[in-house]
Amino acid sequence: MFAVWKSSRRFLAMCLAASMLTSMFSGAAFAVGETQTPTWSSSAPQLYDAGGNPLQAKGPELAPEEPKFTHYEYTGKNYTDLNGEEVRASDIFEVNREDPHTTATVAYDSEEKAVLGAVNFEKERSDYVQVLSSDDWELTVVRNDAEGKKFLDGKFYNSDYVQDPEDGWRTVDVPRSWTTYEGADWDTPLYGDTVMPWQLKYDSDVQVPGIPVNYSPVGFYRKTFTVDDSLYGNDNRIFINFQGVETAYYVWVNGKEVGYSEDSFRPHEFDITDYLNPAGEPNILAVEVHKFADATWMEKQDMIRDGGIFRDVYLFATPLVHINDYQLETDLDDQYQDATLKMDVNVKNFSSVPVDNYAVEVKLYDAEQQLVPEEQFETQSFDVGKIASGEQSSNKQAWAVKNPHLWSAEDPYLYTLVLNLYDKNTMTYVESISQQLGFREIGFTHTELDDSYHNITEEYEPMTINGQPLLIKGVNRCESDPFYGKYVPRDVAEEDVRLMKQYNINSVRTSHYGDDEYFYYLCDKYGLYMMAEANIEAHSLINEIDTMAKYFTKVALEDRTPTSFHTLKNQTSVIMWSIANETGYPQLEDSDSLKAMEDGDYIFPKLVAYYHDRDQTRPVHSEGMRYQGGTDMDSRMYPTLERVQQAADAETKMPYIICEYDHAMGNGVGNLKEYWDIIRSKPHMLGGYIWDWVDTVRATDIEDCARQYNITELSNYGVTMQVQGGDKQEDADPAEAVVDKSFGGFLVLPKDKNTIYDQYLSGENINFTLETVVKPQADVADNIFIAKGDYQVALKTSDDGTQLEFSLCAEDDGNYSWPAIFWDLPEDWAEKWHQIAATYDGKVMKLYVDGEEVGSKEGSYQVPNWDGIDALGIGYDSKNPDHTLRGRCLSPASMPGH
């Protein structure tokens with residue numbers, strides 16, 4: 001964080017501003033001597049302390065042999081950690097993971113490679129980088145933790161682990177979502193918008209912050225690799241970087257526990273130096289990935305759930321003294337002509353002793369990769385001071401840049417910034433860090449708050465970019481590919497950007513998480529303004545703000561928000577922050593805000609404040625807070641024209657953005673002209689983001705696509721029904737299932753046919769048989785086979801999923817009871833074909849399974865009719881539409897004579 005920030009209005013004279021440059025930032029600047037300049041070593045340089053003694057590594061705080069995790073971290077349960085302390089899993093988001101930092105800190109072994117690596121997004125140019133993404137990973141995916149236990153018991157992470165061919169192991173390419181591997185029937189993509197995906201189909205009544213049990217896929221990855229000699233250097237630290245894993249994962253190297261991490265959409269790193277085998281020997285990387293975790297409650301975006309390692313994995317090495325992080329600001333003068341380049345550089349000391357003999361050289365290259373002329377920017381150097389063992393320094397600097405070529409969406413001119421670390425005693429270069437950099441400045445009014453977190457700013461200036469009006473013609477973009485799931489190949493990302501520019505789109509809202517690093521590079525390069533969103537959406541808890549705050553305040557404040565900020569703080573294209581999406585709509589005036597903040601109820605102003613406290617150069621947006629709690633712009637999704645006009649007429653002239661509007665699917669877009677007539681009427685109206693850029697679909701072979709089936713019963717009544725909610729007709733083994741065809745889904749008989757069935761299913765002295773042949777998918781609660789609502793008859797599993805249930809509704813002078821037969825389901829019930837039948841002859845209820853009577857109950861009951869209010873359902877309960885068949889049913893069309 002910079003010590004002093006510029007106000008939105010400039011009152012100081014240029015002479016005073018110039019004099020402040022030396023007092024605002026700590027650290028002594030000095031020029032490299034004319035007769036002595038740093039030189040590159042022909043091999044990895046040996047690092048020394050100030051006394052000339054070779055540096056040695058400090059080593060990790062946790063030894064490789066020490067246990068790191070409990071395997072409860074992802075579950076949402078309370079548990080006892082390895083220190084004997086009681087913790088909530090929802091509070092745990094990492095174990096032994098490195099702190100987040102700007103993404104551009106890959107060390108290069110030459111300045112030339114650093115420039116080319118930044119310009120072309122080629123980290124692999126560095127001898128200190130080794131990409132592990134490849135087509136020789138091993139993977140298997142199982143349905144739940146219970147099935148995955150055998151892999152943990154068998155120590156799948158050890159080098160001597162022997163794979164069982166029956167366990168479904170396959171050689172696969174990574175990155176890629178595991179739902180997209182051709183021919184692998186491990187898991188299926190699950191789409192969900194507002195409701196948690198497991199509650200829709202697989203597991204009922206999963207309580208926050210818990211996770212499903214019956215269907216909660218777990219993937220087990222193995223990768224053999226040998227570390228390149230160039231990464232070792234002289235006691236270099238070696239890290240592994242996972243760019244994106246859905247959703248929570250554990251890491252082992254050579255059978256030793258490394259760590260744990262959550263947050264699907266941001267890069268995470270682990271120091272594996274001391275876990276590696278000696279140079280030249282192969283190593284085993286093992287990763288256990290959970291598709292669902294307590295973190296899924298924070299990732300309830302409108303998207304498809306896939307699972308797996310869907311972004312790149314790579315190793316990178318750093319010298320024992322390393323530029324670990326930095327923050328930039330390009331501050332333009334009042335005329336938007338000259339600039340001040342401000343920088344806070346953090347150098348970390350991984351050695352076992354303090355050091356104070358290192359310095360950083362700062363160079364600037366133009367778009368043609370030529371060093372910027374000295375009259376525009378003179379190469380600078382500064383001493384990083386004394387750094388204790390295991391600590392990092394903070395070095396704030398500021399330098400003048402004359403007349404830089406400014407960056408904007410219309411003219412995305414980029415420089416290349418290079419930071420060279422060197423030993424000032426031996427004048428030996430240690431490493432180079434580089435990134436693309438655009439000089440630009442966002443003009444906006446900072447919102448002021450009172451002690452109750454209410455907005456007290458009375459009037460706002462319009463937002464600008466380099467002093468020019470800013471108008472957002474944007475789209476919301478999800479990272480999704482029809483063939484690879486959440487892995488978006490670079491050529492696809494490039495085509496997205498090309499089309500956006502072609503159709504005059506100038507901005508992207510990264511809905512609703514952080515994108516792949518390559519997409520930010522493209523937006524910097526080609527000129528797209530970005531609203532950078534943290535990976536926070538708790539849509540299913542949107543009206544339960546207290547619940548959201550109770551379980552997820554810690555992870556939102558200490559992980560999701562800091563990771564979003566630190567990884568993206570130096571991206572030129574990021575011009576505004578967004579704290580969350582569809583997570584809650586708090587109203588500050590409804591309660592005592594100070595007490596609410598203390599109690600954690602109002603997490604949202606805290607998230608806004610996090611960005612404000614660390615970055616005064618970008619405004620902060622919140623879809624939920626709108627104009628409250630410190631946000632710098634008003635926002636609303638899918639507003640009416642009247643609401644947009646109200647924003648245009650607001651006396652405060654607070655900038656207004658439509659963060660989502662005109663949901664575009666097929667011919668669904670409308671009112672664009674009417675919206676934009678209002679937007680263009682006032683300078684504080686910023687524009688909007690269409691939902692969304694492209695449909696998030698998955699490719700499937702046409703032969704595998706669902707078809708519409710009509711089934712006609714074979715009785716004299718000949719009622720026709722349409723299969724609903726299923727996927728497709730499938731083959732069934734006649735040896736197990738009587739016939740050779742089955743279908744998934746359910747049937748609902750037309751209500752106008754109720755009188756036909758009610759004469760048998762209601763009244764006195766009724767006589768009927770219900771029969772179905774099914775293959776249940778899991779032992780789940782309320783798995784419906786045949787039902788006619790709550791007030792007639794049902795053949796289903798019990799409400800706890802452990803028993804088969806046949807029940808009637810009995811009426812006696814307005815009083816109701818539900819006589820029922822229950823039968824305990826055997827352990828091997830799921831995934832097998834079963835014939836289930838229930839009979840009632842007016843005197844005795846009987847239940848049959850696979851031809852055997854398993855229960856009976858005597859009684860003469862009056863079953864109510866209710867004027868046919870409930871339709872008869874096969875695999876469906878019309879009174880409880882969330883209760884459907886989870887499995888497959890035989891097709892009557894394949895049952896001649898029945």
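Tutor: Angles under 35 degrees count as roughly parallel. Keep that cut-off in mind for this predicted model.

Student: What makes α10 and α11 roughly parallel to each other?

Tutor: Helix α10 (residues 641–649) and helix α11 (residues 672–679) pack at an angle of about 10°. The cut-off is under 35 degrees. Therefore α10 and α11 are roughly parallel to each other. Their axes are 9 Å apart.

Student: Which residues make the contact?

Tutor: From α10 come L641, V644, Q645 and A648. From α11 come E674, Y675 and I678. By class, the contact of α10 with α11 has 5 nonpolar, 1 polar and 1 charged.

Student: Why is α7 called roughly parallel to α9?

Tutor: Use the angle again. Helix α7 (residues 545–568) and helix α9 (residues 603–614) pack at about 15°, with axes 9 Å apart. Roughly parallel needs an angle under 35 degrees. So α7 is roughly parallel to α9.

Student: Is the crossing of α7 and α9 left-handed or right-handed?

Tutor: The crossing of α7 and α9 is right-handed.

Student: Which residues of α7 and α9 make the contact?

Tutor: On α7, they include I545, M548, F552 and F565. On α9, they include I603, F604, L607 and R614. The contact of α7 with α9 divides into 12 nonpolar, 4 polar and 2 charged residues.

Student: Now the strands. How do you know that β26 and β27 pair?

Tutor: Pairing takes at least two bridges. β26 and strand β27 (residues 464–465) have 2 bridges, in the antiparallel sense. That meets the cut-off of at least two.

Student: What is the order of the strands in the open sheet?

Tutor: The order is β26-β27-β28, and the pairing is antiparallel.

Student: What makes β26 and β28 edge strands?

Tutor: Each pairs on one side only. β26 covers 442–443, and β28 covers 468–469.

Student: What does the secondary structure of the whole protein chain come to?

Tutor: The protein chain has 13 helices and 53 strands.

Student: How many of the residues count as buried?

Tutor: Buried means under 20% relative accessible area. Of the 898 residues of the protein chain, 58% count as buried.

Student: What share of the contacts with a separation of 6 or more comes from residues 24 or more positions apart?

Tutor: The share is 72% in the protein chain.

Methods: Residues numbered from 1 in each chain as written. Predicted model: local features only at pLDDT ≥ 70, side-chain atom pairs only at ≥ 80, totals over all residues. Heavy atoms only, no water. Axes fitted to C-alpha atoms, helices over the stretch in contact; angles between N-to-C directions. Helix = DSSP H or I, 4+ residues; strand = E, 2+ residues; numbered from the N terminus. Parallel < 35°, antiparallel > 145°, perpendicular 65-115°, else oblique. Contact = heavy atoms within 4.5 Å. Nonpolar A, V, L, I, M, F, W, Y, C, P; charged D, E, K, R; others polar. Left-handed = near helix turned anticlockwise from the far one by under 90°. Buried < 20%, exposed > 50% of the residue type's maximum accessible area, 1.4 Å probe, protein only.
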